[in-house]
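Have the model open as you read.

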Amino acid sequence: MSTTRSMVVIPTYNERENLDALVRQILAHEGFQVMVVDDNSPDGTGTLADSLAGEFPGQVEVVHRTGKRGLGRSYVEGFGLALQRDVDLVCQMDADFSHDPKFLPALVAGAADHEVVIGSRYLNGISVVNWPLSRLILSTFANRYIRAVTGLQVSDCTGGFRCWHREALGRIPLARIVSDGYSFMVEMIFEAWRQQCRIGEVPIVFVERRMGSSKLSSGVLAESLLMPWRLRKLLGR
Ligand SMILES: Nc1nc2c(ncn2[C@@H]2O[C@H](COP(=O)(O)OP(=O)(O)OP(=O)(O)O)[C@@H](O)[C@H]2O)c(=O)[nH]1
Ligand SMILES: [Mg+2]
């Protein structure tokens, strides 16, 4: 049987300290390619990505955007391009090692009988390392809130470690996805559920970033409080 071809789309903003090692660890697994979508990071992440593309021709691709315009917008552009490449699966992950590349084969294995696979922090209890209690409470509350408002039935609605069959991703109306932060993850999985994609989850261990800095903002949090209600309206409830 031939190896499944997977494109891993990684949005970056100031991830120079993480990107080099991350890309090497991903490419160590057979069948993976990387697409870095950089928002013109002031720390030179885009230049580093270009040199990785030079070192790994045909395996690393870089999309340069014009400035910090949000995680969601970067994914919309990256997913659109990934769907034009000759790959079976499109994966997504953060660049800060919170999502360990060692779980990629498990995500791909889950895609054997699911159209979308979520790497979940909340499948067997809580698998999050190095978060303060306040953030853990916020995240578990947010997930319960989203499930209650939208009816979604996945354990981790806000995580960004996922694997999509190209056909399933192609059915998501990317041009209509509006949000930028965590809500982007919620909107995407909600649309997948509305499209009746078979959604699976595999457990991951999420480790808080050790290098670089967070881009979490209060705007992103506000967006995630309101988005579930907008999605619920789409169901006509
Ligand atoms: N292209 C692009 N990438 C972004 C943007 N904001 C965040 N990212 C990337 O999105 C991923 C997740 O961002 P993080 O800053 O780790 O957000 P977080 O996980 O909520 O916060 P941490 O606690 O710092 O881990 C990382 O790979 C970031 O580099 C953006 O505006 N544009
Ligand atoms: Mg992070």
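## Ground rules

This is a predicted model, in which local features need pLDDT of at least 70 and side-chain atom pairs count only at pLDDT 80 or more, while totals for chains, interfaces and linings use all residues. Residues are numbered from 1 along each chain as its sequence is written, chains are lettered from A and ligands numbered from 1 in the order in which they are written, and side-chain values use heavy atoms, without hydrogens and water.

## Helices α7 and α8

Helix α7 (residues 182–194) and helix α8 (residues 218–234) have axes that come within 8 Å and cross at roughly 15°. They are therefore roughly parallel (angles under 35 degrees). Contact means heavy atoms within 4.5 Å; residues of α7 that meet α8 include Val186 and Phe190.

## Helices α5 and α8

Helix α5 (residues 133–150) packs against α8 at about 20°, with the axes 8 Å apart. That makes α5 roughly parallel to α8. The contact involves, among others, Leu138 and Ile146 of α5 and Leu225 and Trp229 of α8.

## Around ligand 1

Which residues come nearest to ligand 1? Of the 19 residues around it (a heavy atom within 4 Å), they are Glu15, Asp39, Arg135, Glu208 and Arg209.

Tyr182 has a polar side-chain atom 2.7 Å from an oxygen atom of ligand 1. A polar backbone atom of Tyr13 is 3.0 Å from an oxygen atom of the ligand.

Definitions and conventions:
Axes are lines fitted to C-alpha atoms, for helices over the stretch in contact, and angles run from 0 to 180 degrees between N-to-C directions. Helices (H or I, at least four residues) and strands (E, at least two) are DSSP runs, numbered from the N terminus. Angles under 35 degrees count as roughly parallel, over 145 as roughly antiparallel, 65 to 115 as roughly perpendicular and the rest as oblique. A polar contact is a pair of N or O atoms within 3.5 Å; within protein, one must be able to donate a hydrogen and the other to accept it, and residues adjacent in sequence count only if both atoms are side-chain atoms.
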